[in-house]
Structures are given as structure tokens and as C-alpha cells.
Amino acid sequence: MQTPYVEDESLLSVAVRCKGITSKDICTNFLVMVNYMTLVCKCQSIRLKTGLCLKGIYHQEIHNRPGSTVGYRAFLEWHAIGSKFIAVACGGSIYALVLVAGLGLRVSIATMVGTTHLHLANMLRSPPKSSPERKLITDYIVPTIARMRFALPLSMSSMFSRVLIEKYAVSKIVDCTDLSASDCFFDAVIQNAFGPLCRSRKVWRPCIAPVGDLTRAPVQSLSNGLNRPYSPPLSDIEEDDIQHIIIDTSYDPLSPQNKLFKAPRDKAVNSKWTADERLHAEAGKRVTSIDDLRKKLAKLYHKGVKKSPDTYLRIPMSIIPNHHLELRNKDGSLMAFVSTGLPSHIRSSLEVNLLASLESPELLEERNTGTHPGQPFQAMHLSWYNRHCTSGHEAPSDVQPWLLEKEGMRTNHGQVIPYISKDLQHHRRIYGTITRVYVELFEWVRRLMETYLQEEFEMLMEVASCLPGNCMPPVAPFISLVININVSTKAHRDSHDRHLCLVIPIGHFEGGALCLLENGLVLELRAGDIALFRSSEVTHFNLNYRGARASLVFQTDKAFAAWIRDHNGWVDNVTMHSFV
């Protein structure tokens with residue numbers, strides 16, 4: 001058969017070129033996944049050897065090297081993505097990734113949220129008999145992988161670090177066609193979660209037969225034609241000359257009067273109480289300059305408590321143009337941090353990006369909460385939780401937790417390890433859009449905290465860096481994002497927060513200031529201004545507003561303390577793979 005000439009302009013030539021490009025695209029997608037997995041493997045090798053966290057590894061191995069242009073956020077994102085591909089390979093071998101590349105599903109896998117990739121690994125290895133997925137796996141996926149083992153025998157020796165090979169006794173030439181050898185390696189990759197279920201021999205029987213003496217091709221040898229792996233670009237972040245203002249106060253967060261929650265817990269009574277407290281806040285003295293703020297703060301507290309319970313200081317953002325204001329408590333802990341330094345090109349697009357992400361612009365309404373009080377607002381919790389998790393302190397340590405059942409009661413396997421909120425499960429498309437359109441905002445917030453609030457940054461990153469499946473939320477160092485629409489909150493404390501939250505108002509409005517009751521502060525935030533405060537310890541509420549107002553709230557669940565301490569009591573379980 002004569003090979004068509006592909007340099008002319010005939011339809012046949014165009015079709016042949018399309019076929020060639022498609023083949024290269026599949027190969028490129030596969031190699032991209034391999035490189036992401038290699039990054040994870042190398043990071044684990046370095047971490048086991050040095051004890052460095054991901055941040056330390058980045059600074060030692062990448063940031064401080066001459067000519068490096070890889071950003072920290074991109075590095076964390078690639079590590080999280082690589083962990084998802086490893087989970088897929090853990091479930092269905094490296095050939096499952098060949099399928100992913102061929103079906104064009106690489107991006108779909110990379111954008112999975114929560115622990116979906118870990119559940120996928122278990123489903124591939126041992127699909128429940130009653131599940132609809134079992135037929136798909138047994139009738140299509142497994143037979144296809146069985147055939148690929150003979151058609152494309154691969155080895156992954158160049159993927160593995162020497163430390164991992166020695167530690168887990170994997171052959172230096174890892175045969176991808178041998179599922180037991182493949183499982184031995186991928187099971188060894190630490191995902192901060194339980195190891196996968198044992199592979200069902202009944203389901204995977206077609207892949208057990210040895211391939212024989214066919215020559216194995218190194219996976220990485222396929223990349224010889226590529227100059228460098230794909231790297232998602234980072235947007236330039238504008239850097240301005242910003243002043244950092246620090247003011248120490250005599251406020252005592254440990255005072256019993258300050259720790260006491262004063263607002264009524266009954267919703268109806270709370271509404272009336274908040275309305276009265278708003279009048280006190282609106283009557284507060286407005287400071288005119290930073291010097292004026294220092295003087296008024298020096299007189300605001302007596303023995304660490306407001307001299308008068310009705311006293312407030314109103315702080316307009318005009319006194320800190322393009323600056324950061326940091327207020328510290330008597331014990332040196334953070335009271336509040338306010339920034340007006342968000343770059344103008346990010347600030348100006350906050351509202352339009354939010355409306356585009358929600359796909360329902362009509363949700364954001366024009367309101368006057370002063371003349372029409374008590375209207376409900378909408379909230380979307382795109383969150384990670386560890387509350388109400390099943391404890392492993394009294395459970396057998398030699399049994400995979402997914403196989404355990406509580407005697408005489410229902411066992412919620414979905415809350416053995418940290419899990420994502422129902423809102424995040426139901427609104428993954430919105431979450432993905434939010435992640436993309438606010439990438440510069442999230443990066444700016446991360447750099448802001450890492451630069452000016454290092455202690456608070458590390459405290460929050462302690463949680464963000466140990467999520468199951470090596471997930472890394474886009475809002476790191478926080479792990480959760482709450483979107484509030486038409487928001488004017490009543491007096492409350494966010495008792496589930498890990499000390500702090502960060503708030504960014506969005507929209508076009510007047511009013512809506514953030515009031516901190518015990519601190520006696522009224523932060524007159526405008527759209528795009530940023531406030532970080534102790535949301536779990538300080539009663540807060542909003543003043544009435546006129547216009548259209550929403551907010552982004554960054555949070556971390558304080559219940560993650562149990563996960564950090566001993567992985568909810570499962571740390572000694574033989575199937576738990578983590579750095580704890």
C-alpha cells in the first residue's frame with residue numbers, strides 16, 4: 001500500500017497529518033502525567049532523607065537554584081496533580097494512565113477535588129459486587145489493560161528514586177506488566193491516607209498471566225522527542241511599594257470578659273441584639289490618621305478589656321492607602337491584619353469574575369439592609385472538614401478501615417479521614433472556575449501571609465500540607481473557601497475556625513463594615529480590601545449596606561487538630577501511609 005504524501009493540500013494529506021498530531025498528543029499527555037508522578041516520587045525521596053516539608057524542598061532544590069523560574073504555587077499544584085495520577089496508576093497500573101491519555105481525560109483527573117482519586121483507586125482495584133462500575137471495569141478496562149501489557153510492555157526504572165527502591169525492595173527494573181511489582185511501588189507512595197484495598201484477583205485475573213521475554217521499553221524513553229515537559233504559566237503579580245504598619249495594643253484575648261460570648265444564641269433575639277449593637281458601632285469615633293489610631297487604641301482598653309462595652313473605633317481604609325495595617329494583642333498574638341494593597345488589575349475584576357463563576361449573575365442583588373433588614377443571604381461552602389470523623393483509637397490496627405463495620409450501627413466510611421463538603425461535591429464546576437479566575441488573587445494572598453504573617457502562615461500550612469491524597473487547596477495556606485452572596489452577618493463567632501479567617505468583600509456597595517465586638521473595631525472595608533482576624537475568638541458582624549455585596553472567606557477547620565496529632569487515631573493502622 002502506497003503511503004500518502006502529506007505535504008500537499010489534499011484532504012487525504014490533511015487527514016494523515018491530523019492522525020499524526022493526535023498520536024503525538026496522546027503521547028504528550030501520557031508523558032506529562034509521568035513527569036508529574038516523577039516529581040512526587042522525587043519529593044518523597046528527598047523528604048524521607050532530609051525531613052524537609054514541601055516548602056523546604058522547593059526552596060532548597062528549586063527556588064535557590066540559578067535560573068529557576070518555577071513558582072511555589074505551581075510546584076504545589078504539580079505535586080497535588082501528580083498524586084492524583086499516582087492514585088489512578090495505583091488502581092489500574094501505569095496502563096490505566098495510557099487509557100486516560102488516549103481518552104483525553106488527563107485534565108479531568110487533574111481537576112478532581114477532595115479524595116475522589118483515592119476512591120477511584122479502590123474502585124479500580126476491588127469494585128464492589130453490587131456497584132454499576134464493576135461491569136465497566138471487568139468487561140472493558142481490565143481486558144483492555146490485559147491486551148496493552150503484551151502490545152506495549154513497559155518498565156519504569158527511570159521513574160523511581162534509589163531511596164524508594166531500597167526502602168520498599170522494588171526491583172531496579174520495574175516491569176509494568178507485573179501488577180504485583182507495580183502495586184508494590186505505587187502502594188509505597190505516601191498519600192497521607194490509608195493504602196488502597198487489595199487487588200481483587202477475580203476481577204484482575206486476565207492481567208495476572210506473565211507477559212514473557214518481550215523487551216521492556218523505559219517509560220521515560222518516550223520523552224526523547226520532547227525538549228521539556230509542559231509547565232503551566234504563572235501570571236506576573238504586580239509588586240508595589242507597600243508600607244507595613246504595626247501597632248501593639250493592650251487588649252488581652254485571655255481575659256474572661258473577652259472570652260465570654262455576649263450575643264444571644266436565639267436567632268430572633270440575636271437579630272434585635274445585633275441591630276442595637278450596630279447603632280453603637282455606627283456611633284464610634286472615626287480615626288483620621290495612623291497617629292490618631294495609635295492614640296485612640298492606647299486609651300481604648302483598661303486591664304485588657306474595652307473601657308466601655310459600647311465603645312468602637314471606626315477605621316476608614318483611606319488612612320492606609322495601599323498599605324498593610326497589623327494590630328497585635330497584649331500577648332503578641334495577632335488581633336487583626338488589614339490590607340488595601342491588592343493590585344488594581346486584580347481588584348477591578350473581582351466582581352465580574354465571581355458572577356461569571358457562579359453562572360447566575362442574578363444571585364447578586366441590589367439591597368438596602370437598613371430599610372429591609374433580616375433578608376437571608378446565600379453561602380456556598382467549598383470546604384474541607386475533619387469534624388465528626390470516625391475515631392480509630394479502639395479499632396483493630398491490622399485491618400483496612402474501609403473493611404471495618406461498627407457493631408450494631410451504621411459505619412460512615414466517608415468520614416474516617418478528612419472529607420469535602422456537600423457544596424464542594426455538588427459544585428465542582430464552579431470550584432474549578434473559581435480556582436482559575438482567582439489564581440492571581442489566591443497567589444497574592446499566599447505571598448502576603450507568607451511575607452508578613454509567617455507564624456500564622458505556618459500554623460495554617462500545617463493543615464494544608466497534610467490533606468489526604470496530597471491535595472493542595474488553591475486557597476492555601478487555608479483549606480476552605482466560603483462564598484457569601486448578599487451578605488450582612490449578625491453577631492456570631494466561627495467556633496469551628498482554626499483561630500483565623502480572611503475576608504475579602506466583593507461588589508459595589510456603601511457600608512457593610514466589619515465590626516469586631518470585643519476588640520472595639522469597625523473596619524470600613526471596601527471591595528477588594530482584605531481583613532484577617534481571630535474569627536473563632538472574637539464576636540463579629542456587619543453594618544448595614546446599600547448596593548450589591550458579596551464576600552470571599554478563607555477558613556480552616558479547627559477539627560484538623562486531631563488529624564495532625566494522630567490521623568484521627570488511625571496513625572498506627574498498618575495501612576496508613578503518612579509522614580506523621
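Q: What makes both faces of strand β19 (residues 530-533) count as covered or open?

A: In this predicted model, they count as covered: Ile530 and Leu532 are buried on one side, and Ala531 and Phe533 are buried on the other. In a regular strand the side chains alternate between the two faces of the sheet.

Q: How do you know which strands pair with β19, given a threshold of at least two bridges?

A: Strand β10 (residues 334-339) is joined to β19 by 4 bridges, and the two run antiparallel. Strand β16 (residues 501-511) is joined to β19 by 3 bridges, also antiparallel. Pairing needs at least two bridges, so β10 and β16 each pair with β19.

Q: Why is β16 called mostly covered, and what else does β16 pair with?

A: Of the 11 residues in β16, 8 are buried, where buried means under 20% relative accessible area. β16 is also joined to strand β21 (residues 545-555) by 10 bridges, in the antiparallel sense. In that pairing Val503 stands opposite Val553.

Q: What makes β5 (285-286) and β20 (540-542) edge strands?

A: They belong to an open sheet of 5 strands with mixed pairing, in the order β5-β8-β18-β17-β20. β5 and β20 each pair on one side only. For β5, the pairing with strand β8 (residues 313-316) is parallel and has 2 bridges. The threshold is at least two bridges, so β5 and β8 meet it. Lys285 stands opposite Leu313 in β8.

Q: Why is His567 called buried?

A: The relative accessible area of His567 is 0%. Buried means under 20%, so His567 qualifies. His567 is placed in the loop between α19 (560-566) and β22 (576-577). Leaving aside neighbours within four places in sequence, His567 is in contact with Asn192, Ala562, Met576, Ser578 and Val580.

Q: Why are the buried residues of helix α16 (residues 428-437) said to line one face?

A: Ile430, Tyr431, Thr433 and Ile434 are buried in α16. Seen down the helix axis, the buried residues fall within an arc of 165 degrees, so they line one face. The face turned away from that buried side carries Arg429 and Arg436, which are exposed. The buried residues pack against α14 (350-358), β12 (378-382), α15 (422-426), α17 and β15 (480-485).

Q: What makes the span of helix α17 (residues 439-452) close to the expected value?

A: α17 has 14 residues and reaches 20 Å from its first C-alpha to its last. The expected span at 1.5 Å a residue is 20 Å, and the helix is close to that. Among the buried residues of α17 are Leu441, Phe442, Trp444 and Arg446.

Notes. Residues are numbered from 1 along each chain as its sequence is written. This is a predicted model: local features need pLDDT of at least 70, side-chain atom pairs count only at pLDDT 80 or more; totals for chains, interfaces and linings use all residues. Side-chain values use heavy atoms; hydrogens and water are left out. Buried means under 20% relative accessible area, exposed over 50%, partly exposed in between (1.4 Å probe, protein chains only). Contact means heavy atoms within 4.5 Å. The expected span of a helix is 1.5 Å times one less than its number of residues. The arc is that of the directions from the helix axis to the C-beta atoms.
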